[in-house]
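Subject: Structure handover

Hello,

Here is the structure for you to look over. My notes come after it.

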Amino acid sequence: QDLESHLPADVFLSLGLDEPNGRLAGLKRAFMTRRNIVSLKKVVKQVHASAELVEDDLARGSMWHFRNVSLSSDGSYVHHPTYQLLAGSYAACKGSAAAMQDLR
C-alpha cells in the first residue's frame with residue numbers, strides 16, 4: 001500500500017513527506033520502491049506461469065517430431081529442421097522459466 005493512504009493528511013504534511021527534500025523523504029521513496037518491487041514480483045509470477053504453459057507445449061511438440069529424421073547430403077541421418085527449431089525453443093524457454101523462478 002501507499003504511505004499516503006496509511007497516514008492522515010495532517011500527519012503526512014507535518015512530517016514533510018510531501019516535500020522532495022523533507023526530513024523523511026527517503027521513507028516515501030522507500031515505500032515507492034517497495035510498491036514497485038511488489039508489482040514486479042506479480043509480473044514475474046504471471047510471466048513464469050505463462051512460460052510453464054509454453055514450455056509444456058514445446059516439449060510436447062519436440063517429442064512429436066523427435067523421430068522425424070532426414071537423410072543429409074553426406075548420407076547421415078539428421079533431425080528434421082522442425083524438431084531442431086522446437087528443441088532449441090524448448091531449451092531457451094526452459095532456461096527463461098528457470099530464471100523467472102529464481103527471480104521470484
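Below is what was found, starting with how to read the model.

This is a predicted model, in which local features need pLDDT of at least 70, side-chain atom pairs count only at pLDDT 80 or more, and totals for chains, interfaces and linings use all residues. Residues are numbered from 1 along each chain as its sequence is written, and side-chain values use heavy atoms, with hydrogens and water left out.

Aromatic pair

There is 1 aromatic pair (ring centres of Phe, Tyr or the six-membered ring of Trp within 6.5 Å; planes under 30 degrees apart are stacked, over 60 edge-to-face, the rest tilted). The ring centres of Phe 66 and Tyr 83 are 5.5 Å apart and the planes sit at 75°, so this pair is edge-to-face. It links distant parts of the chain, 17 residues apart. Phe 66 is in the loop between α3 (25-65) and β1 (69-71), while Tyr 83 is in helix α4 (residues 81-103). Helices (H or I, at least four residues) and strands (E, at least two) are DSSP runs, numbered from the N terminus.

Phe 66 is partly exposed at 39% relative accessibility, whereas Tyr 83 is buried at 16%. The cut-offs are under 20% relative accessible area for buried and over 50% for exposed, with partly exposed in between (1.4 Å probe, protein chains only).

The buried residues of α4 are Tyr 83, Cys 93 and Ala 97. The 23 residues of α4 should span 33 Å at 1.5 Å a residue, and the end C-alpha atoms are 33 Å apart, which agrees. The expected span is 1.5 Å times one less than the number of residues.

Ser 62 is in helix α3. It is buried, with a relative accessible area of 8%. Setting aside neighbours within four places in sequence, Ser 62 is in contact (heavy atoms within 4.5 Å) with Tyr 83, Leu 86, Ala 87 and Tyr 90.

Salt bridge

The structure holds 1 salt bridge (a side-chain nitrogen of Lys or Arg within 4 Å of a carboxyl oxygen of Asp or Glu). Asp 57 forms it with Arg 60, and the closest N and O atoms are 3.1 Å apart. The two are 3 residues apart in helix α3, so about one helical turn separates them. Arg 60 is exposed, with a relative accessible area of 52%.

Tyr 77

Tyr 77 lies in strand β2 (residues 77-79). At 64% relative accessibility, Tyr 77 counts as exposed.

Best wishes
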